Amino acid sequence: MNRIDQRFSELKQQGRKALIPYITAGDPAPQYTVGFMHALVEAGADVIELGVPFSDPMADGPVIQKACERALKQGTRLVDLMQMVKEFRQTDTSTPVVLMGYLNPIERIGYENFADQAASVGVDGVLIVDMPPEEAEEIGPLLKSRDLAAIFLVAPTTSNERAATICAHGEGYLYYVSLKGVTGAATLNADDVAEHLAPLRGMTDLPLCVGFGIRDGVTAAEVAKVADGVIVGSALVNRIAESVDAPETIAGQLKSVLAEMRTAMDA
């Protein structure tokens, strides 16, 4: 069983919801990323989304765009991410890791090469923001044959017909984008999220995880009442941005932000 499926199965048995933090690999510099990953697990992360830095992250707001810029300035490449996951796996063999990013860096190294490397270092899932299921005909089978979950996004504007197609192709979990707009957007309405998740429940058994707009323990707990998982990115990446001049303090700050969410969700 894929580590993602295993983790959601365990959480379901415990009656708990998944907490899924996102950080951009290589931000503020590559040598810190693995330490951050371990800190997030210590604070209660169930799955980690590791962002692949890209020069034109079109779905991301200014916070994650700047994180990509910082990581790229430090020379972070896809091959470096693979090494980070490999190092992480030396001491953590159970926490699922999902690579999240855009198609361009993957195309540059080749689909098969990417899938081989990801599987060999211990990646569990891949979320390619600008690759809808219809365009996954080539990479999809390569991921599947290596037990890498292909994770897709669903938005508030997605039609039921389109959502059904996405659900049919998706694996691991479904990433529901709670707000129209980019990552880091402001207001989140849990009732509105619940209303949009209801029809999806009729289309898939995949866990429904909600991202965009999760800022603190209060918003995390609200969303956890209606979703199977809570995805938090900009709130963490913001902390990194505020402390680029004191990187040794960042792991502790990430832990404190995430631990507050974990406590609120479990209350």
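In this predicted model, the crossing of helices α10 and α12 is right-handed, a term for a near helix turned clockwise from the far one by less than a right angle, anticlockwise being left-handed. Helices are DSSP runs (H or I, at least four residues), and strands are runs of E with at least two, numbered from the N terminus. Contact (heavy atoms within 4.5 Å) involves Gly217, Ala220, Ala221 and Ala224 of α10 and Glu260, Met261, Ala264 and Met265 of α12.

Residues are numbered from 1 along each chain as its sequence is written. As the model is predicted, local features need pLDDT of at least 70 and side-chain atom pairs 80 or more, whereas totals for chains, interfaces and linings use all residues, and side-chain values use heavy atoms, without hydrogens and water.

The structure holds 0 disulfides (cysteine sulfur pairs within 2.5 Å). The sulfur of Cys209 lies 12 Å from the closest cysteine sulfur, in Cys167, too far for a bond. Cys209 is buried, at 0% relative accessible area; buried means under 20%, exposed over 50% and partly exposed in between, with a 1.4 Å probe and protein chains only. Cys68 is also buried, at 3% relative accessibility.
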